[in-house]
Amino acid sequence: MRLLRIVPDDTKFDFMRFRRISFPLSAIMSILAITLYFFHGLNFGIDFKGGLLMEVKTISGPADLASMRSTLSGLGLGEVQLQQFGSPDDVLIRIAEQPGGDAAQQAAVTKVRGALGTNVNYQRVEVVGPRVSSELLSYGVIGMMLAIFCILIYLWFRFEWQFALGAMIANVHDIVLTIGFMSISQIDFDLTSIAALLTILGYSLNDTVVIYDRIREMLRRYKKMPMPELLNAAVNQTLSRSVITHLTVSLALLALLLFGGQAIHSFTATMMFGVVLVGTYTSIFIAAPILIYLGVGRGSDALTRPEDQDEKP
Amino acid sequence: MLYFTRWKAAAIILTALVVCLCAVPNFLPTATVEAWPKWAQRHLVLGLDLQGGSHILLEVDTKTVRKDMLETLRDDVRRVLRDARIGYTGLVVRGNGVEVRIREGANAAQAREKLNSLSQPLGGILSATGQRNLEITNDGDLYRLTLTEPAIVERVRQSVDQSIQIIERRVNELGTVEPLIQREGSDRVLVQVPGLQDPTRLKELLGKTAKLDFRMVDTNVSPEQAQQGALPPEDELLHGAGKQSNQLYVIEKRVLVSGADLTDAQPGFDPRTSEPIVSFRFNTSGARKFAEATQANVGKPFAIVLDNEVISAPVIREPILGGSGQISGNFTVQSANDLAILLRAGALPAPLTIIEERTVGPGLGADSIAAGKMSSYVGAAMVVLFMFVTYGLFGLFANLAVAVNVAMIFGVLSLLNATLTLPGIAGIVLTVGMAVDSNVLIYERIREEARAGRTPINAIDAGFSRALATILDSNITTFIAAAVLFYIGTGPVRGFAVTLGIGIITTVFTAFTVTRLMVAYWVRRWRPQRVPL
């Protein structure tokens, strides 16, 4: 049987030359993403904004959004957002956080349940009070920083500080671009988005580490090879793996995106963008070439431990 | 790298097999599994997002706890000073403490000593720290007793513990399956009730403090007079409960008998009017107190007060000596039943506020399970096919390793009695996508080594040994992210972190052992002349 060969053997792409394009491109994209974040903002979901979210299914026939809207608007609960999704009898109701603390949120649920009565099935009801929402947000931000910090420390121990720094720049770049994507697409930003961001972080690093591992190995073996040439060789040698792994992850994500249902849709869409689009690009075009500028040392201990010396092939 | 001793190979196969077998109880009918010994019954728990149910996060009202502590302290100060016949003025609660001015001429040293007797070392887990519940300072004859922060924290902690017990009793009365009630942080209680569709009744049961008092109605002052400012200091003005909330009562603050003295409460019907009622029985001391109070007050009305609302205010027609009675007060069958539950379970030490509620209906849960299954099958099928097309025989090895991997994930999750959520399923699907990465790394490395001129066996050996270091490095970074996510996440997100983390461990395990064993066996058996990659 002839096997599928996606990436031919012995590719010799000059990835490092692309840094003259990829670095400015990434800088512009990052600035754009940050600008978007500040001026367009994220579509904070109920987890971080507090309030009420109800998913209801009408019992008799398709939902009449107009009449539901007028019923609910009459309750004096501020802005009521209704949205149809999935089948015509599924309606998502969002009501902003009520002033007056936690008890007010509960009062609002009772009112909505009273108004909709038994005409609908309640598929999902979520009520998040003001205190919980602000805590969840700060946990999310702290968790993000903690993860980056822990990974940085690990890489510092395992490699050298230049690698750790390079990986972190690549990382922050991924997260910034993904946040930009969330802002443009106005995907719900909730707890699962934090999970998505952290997973993107993990996977993107996974990829970066694989390339860095190869770079380290080559640094030990080819002591005199110029840095750009060495980096190119490392990326080219791992290219087949990078492409195949991203294809398998994309296949898994595609299945989740198509069949995983509404509840994890924003999660998978974010992952698709972060892991597949940004992650791969970053490892090859940012994480590797940035080592040229960070001055990876060749004489340092980490690279010349005798037991790590490669035997002659 | 390709040589395994017989024992090592056996140990690897045995480990994988045992862990995989742990997943078996999940796929058998519950009845079959229940006949097994307890240790074999461990299985996955479906998260509320998959099986439907209610998640309610409650917070103990710290302000009320603090207020109660301060009022008790004020009463204590009054008691010790009175008992010692020390004159005082201006006994007030101020800020976090109580202030009192000792009258001139009183014995200052004795006053100080009496007040000091109120300061106790903290009990419980804080007893070793030597901290006390009060700080006493004085400025001349003005004494200030301040509650220390650890004392308040300790009391809040106790309140949460008591609340958990009472909530358990209340929730169990609903007859639900395996409710989960646990402490969250210092002042919160998490209640999860699987399968509950409409949490309204649960919330009503949780939201009530259920502090029941029997007190006298003050007939000397009418509610109208009281509203105009003629309320005596020993009385308070209370509303009626429910529909009678417009009705006002002047009720004595003094409690004749409290709900703590109840031993039982049952819903029932009044034989004459067939209205729903709640009948109750006091313990011995409650019965005695109630008998004394009713004997002394025949012909006067007394009030049954629940959470500072008057349920009813009947007139005492004759002394009630038997220690039992009944409450009637415009109940429905349901509300009488609920009140009986609340009275049996006891009063909460402080009010609880619902700060988060998430309820998933069973329909949506079933949809999510179906979506999870569908995406898992499709995702796995695509990855398996892709691996076979790309790597042929070695692709089959990889697929077999992934199958073992997924079975092991289920096994470990079952061993831990972990909760499977929809994001958790997503975590497993992602693991399938990522697990083959370890095989990809190994195979690509083998190809490289073979192209560099090594013999097939040599190339395979070198490929494994070099790729495994990379696999370990790259997976540890993802594992750190999963660990952080587990730490900060709740509910479904935590479920994702669990499967992701376990998936990483099993992936590394299968890459190091199962895949290697398969390839090693194949190499020994067929002595390949070239690498089939």
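The questions and answers below look at the overall build of chain A and chain B in a predicted model.

The model is predicted, with local features needing pLDDT of at least 70 and side-chain atom pairs counting only at pLDDT 80 or more, while totals for chains, interfaces and linings use all residues. Residues are numbered from 1 along each chain as its sequence is written, and chains are lettered from A and ligands numbered from 1 in the order in which they are written.

Reader: How many helices and strands are there in chain B?
Author: Helices (H or I, at least four residues) and strands (E, at least two) are taken as DSSP runs, numbered from the N terminus. Counted in this way, chain B has 15 helices and 19 strands.

Reader: What is the radius of gyration of chain B, and why is chain B described as more spread out than a compact globule?
Author: The radius is taken over C-alpha atoms, and the globule rule is 2.2 Å times the number of residues to the power 0.38. The C-alpha trace of chain B spans about 110 × 65 × 40 Å along its principal axes. For 533 residues the rule gives 24 Å, and chain B is more spread out than a compact globule because its radius of gyration is well over that, at 34 Å.

Reader: What share of the 313 residues of chain A counts as buried?
Author: A residue is buried if 20 or more other C-beta atoms, placed from the backbone, lie within 10 Å of its own, exposed if 12 or fewer do, and partly exposed in between. Of the 313 residues of chain A, the buried share is 45%.
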